[in-house]
Amino acid sequence: MKILFIISGSIAIKKCEEIFQFLSSNNISIDCIVTKNAKKMINLKKLKKTISGKIYSDVDEKNNKMLHIALTRKNNLVIVCPATSNIIAKYSNGIADDLASTTLVASNRNIFFIPAMNSEMWNNKMNQKNVSNLKNLGIQFIGPEYGKLSCGEVGLGRLMNTKTITNLIIQNVNKSQIFKNKKCLITAGPTIEPIDPIRNITNNSTGKQGYEIARQMILAGASVTLISGPTNIQAPLESRLIKVKTAKEMYNAVKKNIKVDIAIFAAAVSDLTPLNKSKNKIKKDDLQIIKLKKNKDILKEVSHLKKNRPRVIVGFAAETRDHISNARKKLFEKKCDAIIVNKINKYNDVFNSDFNKVTFITKKKKIDFKKMSKIKVAKHIVELIEKM
Ligand SMILES: Cc1cc2nc3c(=O)[nH]c(=O)nc-3n(C[C@H](O)[C@H](O)[C@H](O)COP(=O)(O)O)c2cc1C
């Protein structure tokens, strides 16, 4: 397991040595990036002795222009410790003006911030806004804790104690291996059913929730095949992306790739498709009635498989009313293992938002989540699947 530590210019920097010694003795390999300000506060020679990897700073970019990409790809986890108010603000605003901040922006790994600063700095409204912005994006924070600060004042801002930090890091190192050697199939996005060469039947799905689940499953160690209807969002680099357009294409792609441990059907597959696709544009007057036929029910077919049924099958439902009873009915009829239901209303306009409010339903459980970012929803779903 490899961790990239980004060390910024906080007085709490002296505690890094203890943290690194503990992690290194647990066979965790550590690379470090030190900011220009951190470099002035730390004895690099001493620090080097506590880690098996290397210490990088801005000067190293001169010889390796892609260092910011390489460092985040080769490590499994990125931890900013100690995290200054400055680096929190930079990342929250997408600023990339040195090796540390550019690496953060380029990272596709789980990122943790372990802040340390004076309590006025921590409680500063802009800092709090930045922290809550990052938390909504699924970035985790460890601490700070209340206590005596290096400046002599007492308040909230102390770097969390070493034992808690190292315990949480080890826990997350293990978490990133939960689905190691497990194969996962995820469908996402809408389908498009052509009426003629110009017109289609489709729906409002953007694919965001499914893509986030794919990303979180990858971070948990799974090998992910993502079957996606047309979207304009970027698929996770490590996923095997299969692009489809129609419900029929999605069904065929699922059938071909069904030998997996976990299947998550987050796509909004069109229930119906035109009976015949017209070769030519249908004239307006002939378009009042379009004959439709049912598409195959992917979730139901896969859940009823006698051979190659995935160990865990999760379906999605979007309902405007009676969402719980409808979801229970779906769970029962389709014979899947869990349904994640969105209640669509003016308070939860799922399709146009980065936020979602879902209920997770199995035969025995019903868990209502409050409204949160789709990234956080995806993290919860991954944790629930782990328990299944
Ligand atoms: C001695 C000293 C101690 C500092 N300690 C902290 C600190 O604990 N937390 C913090 O947010 N900033 C602290 N600062 C301010 C930061 O170093 C400053 O905001 C700097 O621009 C951070 O740059 P960096 O985030 O690129 O490392 C300290 C500055 C000095 C000179």
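This is a predicted model: local features need pLDDT of at least 70, side-chain atom pairs count only at pLDDT 80 or more; totals for chains, interfaces and linings use all residues.
## Overall picture

A residue is called buried here if 20 or more other C-beta atoms lie within 10 Å of its own, exposed if 12 or fewer do, and partly exposed in between, with C-beta atoms placed from the backbone. Residues are numbered from 1 along each chain as its sequence is written.

The protein chain has 14 helices and 22 strands; these are DSSP runs numbered from the N terminus (helices are H or I with at least four residues, strands E with at least two). Its C-alpha trace spans about 75 × 45 × 40 Å along the principal axes. Taking contacts with a separation of 6 or more, 68% are between residues 24 or more positions apart, where a contact means that two C-beta atoms, placed from the backbone, lie within 7 Å.

Let us turn to an open sheet, in which six strands follow the order 3-2-1-4-5-6 with parallel pairing. Its edges are strand 3 (55-56) and strand 6 (140-141), each of which pairs on one side only. Two strands are said to pair if DSSP finds at least two bridges between them.

Strand 1 (residues 2-7) and strand 2 (residues 29-34) run parallel and are joined by six bridges. Within this pairing, I6 has I33 of strand 2 as its bridge partner.

## Helix 5 and its surroundings

Helix 5 (residues 85-92) has S85, I87, I88, K90 and Y91 as buried residues. Their packing partners are strand 4 (77-83), helix 6, strand 5 (110-115), helix 7 (119-123) and helix 8. Just after helix 5 comes G94, with a positive phi of about 70 degrees.

Helix 8 (residues 125-136) also holds K135. This lysine counts as partly exposed because it has 16 C-beta neighbours inside 10 Å. From C-alpha to C-alpha, K135 lies 19 Å from S8, and the two are 127 residues apart in sequence.

## Where helix 4 meets helix 6

Helix 4 (residues 67-74) packs on helix 6 (residues 99-106) at an angle of about 55 degrees, and the axes are 8 Å apart. Axes are lines fitted to C-alpha atoms, for helices over the stretch in contact, and angles run from 0 to 180 degrees between N-to-C directions. The two helices are therefore oblique to each other, given that angles under 35 degrees count as roughly parallel, over 145 as roughly antiparallel, 65 to 115 as roughly perpendicular and the rest as oblique. Helix 4 contributes L67, H68, I69, L71 and T72 to the contact, meeting L99, T102, T103 and A106 of helix 6. By class, this contact has five nonpolar, four polar and no charged residues (nonpolar: Ala, Val, Leu, Ile, Met, Phe, Trp, Tyr, Cys and Pro; charged: Asp, Glu, Lys and Arg; polar: the others, Gly among them).

## Strand 14, covered on both faces

In a regular strand the side chains alternate between the two faces of the sheet. For strand 14 (residues 262-265), both faces are covered: I262 and I264 are buried on one side, and A263 and F265 are buried on the other.

Strand 14 pairs in the parallel sense with strand 9 (residues 183-188) over four bridges, and I264 is the bridge partner of I186. Strand 14 also pairs in the parallel sense with strand 17 (residues 312-319), again over four bridges; here V312 is the bridge partner of I262.
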